[in-house]
Amino acid sequence: MDYSKFFSAALNRLHDERRYRVFADLERIAGRFPHAVWHSPKGPRNVVIWCSNDYLGMGQHPKVVGAMVETATRVGTGAGGTRNIAGTHHPLVQLEQELADLHGKQASLLFTSGYVSNQTGISTIAKLIPNCLILSDALNHNSMIEGVRQAGCERQIFRHNDMAHLEELLIAAGPDRPKLIACESLYSMDGDIAPLSKICDLAEKYGAMTYVDEVHAVGMYGPRGGGIAERDGVMHRIDVLEGTLAKAFGCLGGYIAGKAEIIDAVRSYAPGFIFTTALPPAICSAATAAIRHLKTSNWERERHQDRAARVKAILNAAGLPVMSNDTHIVPLFVGDPEKCKQASDMLLEEHGIYIQPINYPTVAKGTERLRITPSPYHDDGLIDRLAEALLQVWGRLGLPLKQQSLAAE
C-alpha cells in the first residue's frame, strides 16, 4: 500500500482550488517593528509587515521583553509539567489574577492558545449543562465551531449579528431549556462588531448563558483594554469572556474569565487543560507586563486607531476597494483566490510589503481579500508607500477599483 498517494492527492486538491498556503520566513527586528527580514528563496530582504496580529507592537515593548528575560534568567525556561504536576508556577498564578481583574471577573483560566481556550472551554462548559442548546453566530471562528462540535449537544446557527433571528431561536427553545449563546465581539475578517448589549438583553430575557470571544479586542478597546465588552459597558453582564495573549498583548496563550464556579469546573473537567503542559514562566511574566502596561497607557490604543483611520482614508481616496467597518481591521476586497495570491506575491517580491492573502476556508469563496492591520508604528511614509504599491498591483492584475468593485458585488 502506497500511503503517500493519499497525502499527495489531498495536497493536489488544495493546489487545484488555489488555496494551498505558502508561509513567508520572517525575522522580526525588536525595536524596528513593523520592519522585518524576509528570508526569501533569493536571500534575505528587508520588508514591512502589514498583516501582523501584534496589533500594538507589544511584542517588542521594553517592559514586556524585560519581564520575559528577567523571569527566564531567574527561574528557567519551561513550566516543568502540567498544571496538576508541578506546572502551576507563581508567574502563571499572577497572570490569571491579572486577567480576572482586567475583565472584572472572579477568576480566569489559562490555556496554551486562544484556539485551545475556545475549543476546550466551549465544549466543556456545554457538556456540563444538561440538555444544553448552543446558539452560535454564523461567522464564529473555527476554534469556536470546533468547540461547539466537540460539545456533542444540539446547536443552532443564527445569522451573523441578526438579533431577530437569535430571538426566534431563543423563543423556540422554550424558557426551561438551558441555552448558551456563543459569539465574537469583533470579527477579524470583516472588522464588524457584535451588538453585545442587545445579546445580553436577549440572554437575560430568555434565560441564556453568554460566551464571548474577545481575542481581536482585548488590549485594544475599553479604558483599560478590557475589550468591546468593557467599551460598551456590558462586561459584568457576560458570563464567560475569552481572550488571547498572542495579539494585542504580544505574547502567547489563551484564557477564559468568569465566575469562580464556572472556571473551577472547566479547570477540573477540561481535557485540553488537564493533559497539557502549562505555559512557561517567562511567557506569563511578559504577558502580565503587557496587560499591566495597557491597563494604564492609552497611547498605544489612540495611536493605533489614528493609524487605522489614516490607512482607510488614504486607500479609499485612491479608489481601492476597502470593505467598510468601524474597527482597526482594513480588509481590501479582491474576490478571486488566484489574483489574491498574485497580489500578495507581487507586493512582497516587488515592493517589500508583506500582506498575507485571505482565501477560502477562512472567508467564503468569492470574498477573498487582503487583510491589512496597521499598528501604532506604521508612519505616514509607510502608509503612502502602501497605497502606491497597491495601486500598481491593482493595475497590473486588472483588478477593479472601488466604484466598479462595489457595483459588481
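Visitor: What makes the contact between Asp201 and Arg237 a salt bridge?

Guide: In this predicted model, the side chains of Asp201 and Arg237 meet with an N to O separation of 2.6 Å. A salt bridge requires a side-chain nitrogen of Lys or Arg within 4 Å of a carboxyl oxygen of Asp or Glu, so the term applies.

Visitor: Which parts of the chain does the pair link?

Guide: Asp201 belongs to helix α8, and Arg237 to the loop between α9 (228–231) and β9 (240–244). These distant parts of the chain are 36 residues apart.

Visitor: Why is Asp201 called partly exposed?

Guide: The relative accessible area of Asp201 is 40%. Buried means under 20% and exposed means over 50%, so a value in between is called partly exposed.

Visitor: What makes Glu154 and Arg177 a salt bridge, and what does the pair tie together?

Guide: The N to O distance between these side chains is 2.7 Å, and the limit is 4 Å, so the pair qualifies. Glu154 lies in strand β6 and Arg177 in the loop between α7 and β7, so parts that are 23 residues apart in sequence are tied together.

Visitor: How do you know whether Arg177 is buried or exposed?

Guide: Arg177 has a relative accessibility of 18%. Because buried means under 20%, Arg177 counts as buried.

Visitor: Where do Arg307 and Asp380 lie, and why is their contact called a salt bridge?

Guide: The closest N and O atoms of Arg307 and Asp380 are 2.7 Å apart, and a separation within 4 Å is what is required, so this is a salt bridge. Arg307 is in helix α13 (residues 299–317) and Asp380 in helix α15 (residues 380–397), so the pair ties together parts 73 residues apart in sequence. Arg307 is buried, with a relative accessible area of 5%, whereas Asp380 is partly exposed at 35%.

Visitor: How many salt bridges are found in the whole structure, and which residues are linked in a network of them?

Guide: The search finds 24 salt bridges. Glu98, Asp101, Arg224, Arg292 and Lys295 are linked in a network.

Visitor: How do you know on which side of helix α7 the buried residues lie?

Guide: The buried residues of α7 (residues 163–173) are Met163, His165, Leu166, Leu169 and Leu170. They cover an arc of only 160 degrees around the axis, which means that they lie on the same side of α7. Their packing partners are β5 (133–137), β6 (154–158), β7 (179–184), α8 (196–206) and β8 (208–213).

Visitor: What is found at the start of α7, and what follows the helix?

Guide: A side-chain oxygen of Asp162 comes to within 3.1 Å of the backbone nitrogen of Ala164 at the start. Gly174 follows α7 and has a positive phi, near 90 degrees.

Visitor: What makes β2 and β3 a pair of strands?

Guide: Strands β2 (residues 35–40) and β3 (residues 43–49) run antiparallel and are joined by 6 bridges. At least two bridges are needed, so they count as paired. Ala36 stands opposite Val47, Ser40 stands opposite Gly43, and a hairpin through 2 residues joins the strands.

Visitor: Why are β1 and β12 called edge strands?

Guide: The open sheet has 4 strands in the order β1-β2-β3-β12, with mixed pairing. Both β1 (26–28) and β12 pair on one side only, and are the edge strands. The parallel pairing of β3 with β12 (residues 353–354) has 2 bridges, and Val48 has Ile353 as its partner in β12.

Conventions: Residues numbered from 1 in each chain as written. Predicted model: local features only at pLDDT ≥ 70, side-chain atom pairs only at ≥ 80, totals over all residues. Heavy atoms only, no water. Buried < 20%, exposed > 50% of the residue type's maximum accessible area, 1.4 Å probe, protein only. Arc of directions from axis to C-beta. Contact = heavy atoms within 4.5 Å. Polar contact = N/O pair within 3.5 Å; in protein donor to acceptor, adjacent residues only side chain to side chain.
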